[in-house]
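Subject: Structure handover, aromatic rings

Hello,

Please find the structure below. My notes on its aromatic rings follow.

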Amino acid sequence: MTLALILCLTATVIPVFFSRIAAAPTWLSLQALTLLWITLFDDDGFSMHVILAGLEVLLVRALLVPYLLHRALHKSRQARISLMPSNLFAWGVAITLIILAFKFGDGARGDVRALTLGVAAATAMIAFLILATNHEPSAQLVAVLFMENALALFESLLPEPWPLPVHLAVSGVYILTVAVGSWLVREDAAASHDEPSRQVP
C-alpha cells in the first residue's frame, strides 16, 4: 500500500515539474493504476463492491479517459506546452504546497492513512496550482482530472466505501468532464488555426 501511494505521488509530481501536456494521458493512466492497486489490495479484502470499483478505475480512469484526452491533444499546439511554467518561483510554490499538504497527516505520523491523506491533499493542491498558473484549456482539464483522482484516493480513507450508485455517478461526472474538456480543447485549437487566415495581409 505504501509503495502504491508513493508511485501515485510520483505520477502526480513528475509531470508538473518536467512534462508537457502531451504526456498527461500517460501520467493519468499511471495514477489510475496506483488507485487500482490501492482499491484491490486494501486491508478489507476482496468483495463484490471492491471488484466493481476496481473495474471502474481500470476501464474509466486508466483506459477510457486517457484515450479521450490523447485524441483531443493529438496535433494540438497546446500539447507542446509545459503543464506548469518552468521557473523557480512556480517550482518553489509547488514544493511548498506539497510540504504543507503532508502536514494534514501529522496527527497520525507513520500511518498509511496519514500518507494517503498527504498524497490526496498534495494532488489537490498541485491541481489548484496548475489551474492558477496555466490558462490553456488542456492544462485546466488535466488539473481537474488530477483533482478527481485525488477525490477517488480520499475515498479509501472513509470507514465505509461509497455505494455503487455514487460510484457510477462519479464515473459519469469524470467522463463528462473529459468529454466537455476535450471539446473545448478542440474548439480552441480550431480557433487558433483559423486566426492567421482571418488576418489581413
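The charged end of Arg-61 lies over the ring of Tyr-174, at 4.3 Å from the ring centre. A charge sits over a ring if NZ of Lys or CZ of Arg is within 6 Å of the ring centre and within 35 degrees of the ring normal.

This is a predicted model, in which local features need pLDDT of at least 70 and side-chain atom pairs count only at pLDDT 80 or more, while totals for chains, interfaces and linings use all residues. Residues are numbered from 1 along each chain as its sequence is written, and side-chain values use heavy atoms, with hydrogens and water left out.

Searching the whole structure gives three aromatic pairs. In one of them, Phe-17 and Phe-18 have ring centres 6.2 Å apart and planes at 45°, so this pair is tilted. Rings of Phe, Tyr and Trp (its six-membered ring) pair if their centres lie within 6.5 Å; planes under 30 degrees apart count as stacked, over 60 as edge-to-face and the rest as tilted.

Phe-17 is buried, at 11% relative accessibility, whereas Phe-18 is exposed, at 63%. Buried means under 20% relative accessible area, exposed over 50%, partly exposed in between (1.4 Å probe, protein chains only).

Phe-17 also pairs with Trp-91: the centres are 5.4 Å apart and the planes at 85°, so the pair is edge-to-face. Trp-91 is partly exposed, at 26% relative accessibility. Ring pairs join Phe-17, Phe-18 and Trp-91 into a cluster.

Regards
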